Amino acid sequence: QYNYIKILALQWNRFEADGAQALSIALSNHCSIYSLNLEGNDIGDIGLTYIARALSTNLNLTELYLQENNISDESLHILADCLINSTNLPLNTLDLSNNRITFNGIISLSNFLKQPNCRLTFLNLSSNELLDEGAVTLFNALRENQTVSKLEIRNCAINTIGCLALKENLVKNQTINLIDITSNQLELQGEILLKHFQLENLMSNKNIEILFQSYSEFNELEDS
């Protein structure tokens with residue numbers, strides 16, 4: 001009965017975990033949905049657990065939007081495990097922005113990024129509290145990943161150590177072409193590292209665009 005649905009956009013309905021449980025039934029392997037937008041529904045960790053377990057039998061979903069859902073490391077660990085075990089899931093777009101994800105959640109997600117069955121090309125983790133330690137873990141994983149081409153990590157409290165990890169690890173990556181690291185608290189040293197990375201890419205004919213605010217620009221915004 002769900003085979004005629006291709007795109008399901010249910011953002012900002014606030015149906016919470018109960019709604020996610022009902023949706024998980026529609027995500028069985030007989031479902032034709034390839035794009036699911038659950039932005040702003042406050043499904044929380046319980047709701048994401050329902051969705052994640054349904055993905056283990058899904059063969060069609062390519063886009064999953066989970067921003068603004070009060071998701072923490074606990075359920076992200078479950079989602080990552082399900083994605084690792086879902087060897088035939090064609091998921092290429094994952095938006096986890098504006099949640100409660102921290103370093104421990106990034107560890108779980110990074111394990112998935114290093115798997116040969118990972119097909120993600122777009123990953124958004126903006127407005128989560130990654131800090132430098134989360135950024136280091138993420139960039140270490142992307143050193144091995146060969147599918148992600150666009151990464152958004154805006155407003156994640158990333159600083160100089162995270163920028164150094166980006167520079168050291170992504171020089172080995174052959175697929176990323178855009179990194180958005182704007183709205184982070186970059187110090188001058190972090191800005192210098194990113195500029196050096198851009199220069200090295202130009203010299204090696206790699207086309208990686210990095211979006212970031214300069215040290216002075218960020219401080220002007222903070223003062224305004």
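Me: How many residues does helix α3 have, and how far does helix α3 reach from its first C-alpha to its last?

Reply: Helix α3 (residues 73–85) has 13 residues and reaches 18 Å from its first C-alpha to its last. A helix here is a DSSP run of H or I with at least four residues, a strand is a run of E with at least two, and both are numbered from the N terminus. The expected span is 1.5 Å times one less than the number of residues. For α3 that expectation is 18 Å, and the reach of the helix is close to it.

Me: What kind of model is this?

Reply: This is a predicted model, in which local features need pLDDT of at least 70 and side-chain atom pairs count only at pLDDT 80 or more, while totals for chains, interfaces and linings use all residues. Residues are numbered from 1 along each chain as its sequence is written, and side-chain values use heavy atoms, with hydrogens and water left out.

Me: Which residues of α3 are called buried, and what covers them?

Reply: Buried means under 20% relative accessible area, exposed means over 50%, and partly exposed lies in between (1.4 Å probe, protein chains only). In α3 the buried residues are Asp73, Ser75, Leu76, Leu79, Ala80, Cys82 and Leu83. Their cover includes α2 and α4, where contact means heavy atoms within 4.5 Å.

Me: Why is Ala54 called buried?

Reply: Ala54 has a relative accessibility of 9%, so it counts as buried. This residue lies in helix α2 (residues 44–55). Leaving aside residues up to four places away in sequence, Ala54 touches Ser24 and Leu27. Ala54 and Leu27 are 27 residues apart along the chain, yet 5.7 Å separates their C-alpha atoms.

Me: How do you know whether Asn104 is buried, partly exposed or exposed?

Reply: The relative accessibility of Asn104 is 48%, so Asn104 counts as partly exposed. Asn104 is in helix α4. Its C-alpha atom is 9.6 Å from that of Glu133, a residue 29 positions away along the chain.

Me: What makes the phi of Glu16 worth a remark?

Reply: Most residues other than glycine have a negative phi. Glu16 is not a glycine, but its phi is positive, at about 60 degrees. Glu16 lies in helix α1 (residues 16–26). With a relative accessible area of 43%, Glu16 is partly exposed.

Me: Which helix holds Leu131, and what is the phi of Leu131?

Reply: Leu131 is in helix α5 (residues 131–144). Its phi is near 60 degrees, again a positive value in a residue other than glycine. Leu131 has a relative accessible area of 32%, so it is partly exposed.

Me: What makes β6 and β7 a pair?

Reply: Two strands pair if DSSP finds at least two bridges between them. Strand β6 (residues 150–152) and strand β7 (residues 178–180) run parallel and are joined by 3 bridges. Leu151 has Ile179 in β7 as its bridge partner.

Me: Why is the chain called as compact as a globular protein of its length?

Reply: The chain has 8 helices and 8 strands. Its radius of gyration is 18 Å, close to the 17 Å that the globule rule gives for 224 residues, so the chain is as compact as a globular protein of that length. The radius is taken over C-alpha atoms, and the rule is 2.2 Å times the number of residues to the power 0.38. Buried residues make up 53% of the 224 residues. Along its principal axes the C-alpha trace spans about 55 × 40 × 30 Å.
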